[in-house]
Amino acid sequence: MSQEIASPQQELIVCLQKQLVETLLRHKKKPYLPVWGELYSTLREFIKIARQSGQNLLLYPISPTGSLHFMHQTGLFRVDIPDPGLTISLSTDELIEALIAGRFFPAKPNCDTTSRFPE
């Protein structure tokens, strides 16, 4: 894959990661606002990119430890929590319901300039 193709795709992934985290942070502050559609739309974009590229994608690190991925082979989202060695596979709808319920909350991004989720 050429650098020209990878760079815009990587920028889009970072933008989607930021959008997803911001949506979840906003929902935590104002849980009365509807977010289901916004989460669904963002997750569908991750799915499209993963399927087109044939790669698994990291959506974000989970607080306090772990990570949330989309696995292109299975078409499911995977939550990895290393301490007890737990792996959970979820459909899009199951993940959205879990996120709205406050499960698998994103870790706070680093405040330095090399942050995965730039300000």
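Reply: Glu-45 and Lys-48 form a salt bridge, their closest N and O atoms being 3.0 Å apart; the term stands for a side-chain nitrogen of Lys or Arg within 4 Å of a carboxyl oxygen of Asp or Glu. Both residues sit in helix α2, 3 residues apart, so about one helical turn separates them. (Helices, H or I with at least four residues, are DSSP runs numbered from the N terminus.) Glu-45 is partly exposed at 27% relative accessibility, and Lys-48 is partly exposed at 43%. Here buried means under 20% relative accessible area, exposed over 50%, and partly exposed in between, with a 1.4 Å probe and protein chains only.

A word on the source: this is a predicted model, where local features need pLDDT of at least 70 and side-chain atom pairs count only at pLDDT 80 or more, while totals for chains, interfaces and linings use all residues. Residues are numbered from 1 along each chain as its sequence is written, and side-chain values use heavy atoms, leaving out hydrogens and water.

By the salt-bridge rule, the count comes to 4. One of them joins Glu-38 to Arg-26, with 2.6 Å between the closest N and O atoms. Glu-38 belongs to helix α2 (residues 36-53) and Arg-26 to helix α1 (residues 3-29), so this pair ties together parts 12 residues apart in sequence. Glu-38 is partly exposed, at 30%, and so is Arg-26, at 34%.

Asp-80 and Arg-78 also meet through their side chains, at 2.9 Å from N to O. In this pair Asp-80 counts as buried, with 17% relative accessibility, whereas Arg-78 is partly exposed at 26%.

How values were computed. Helices (H or I, at least four residues) and strands (E, at least two) are DSSP runs, numbered from the N terminus.
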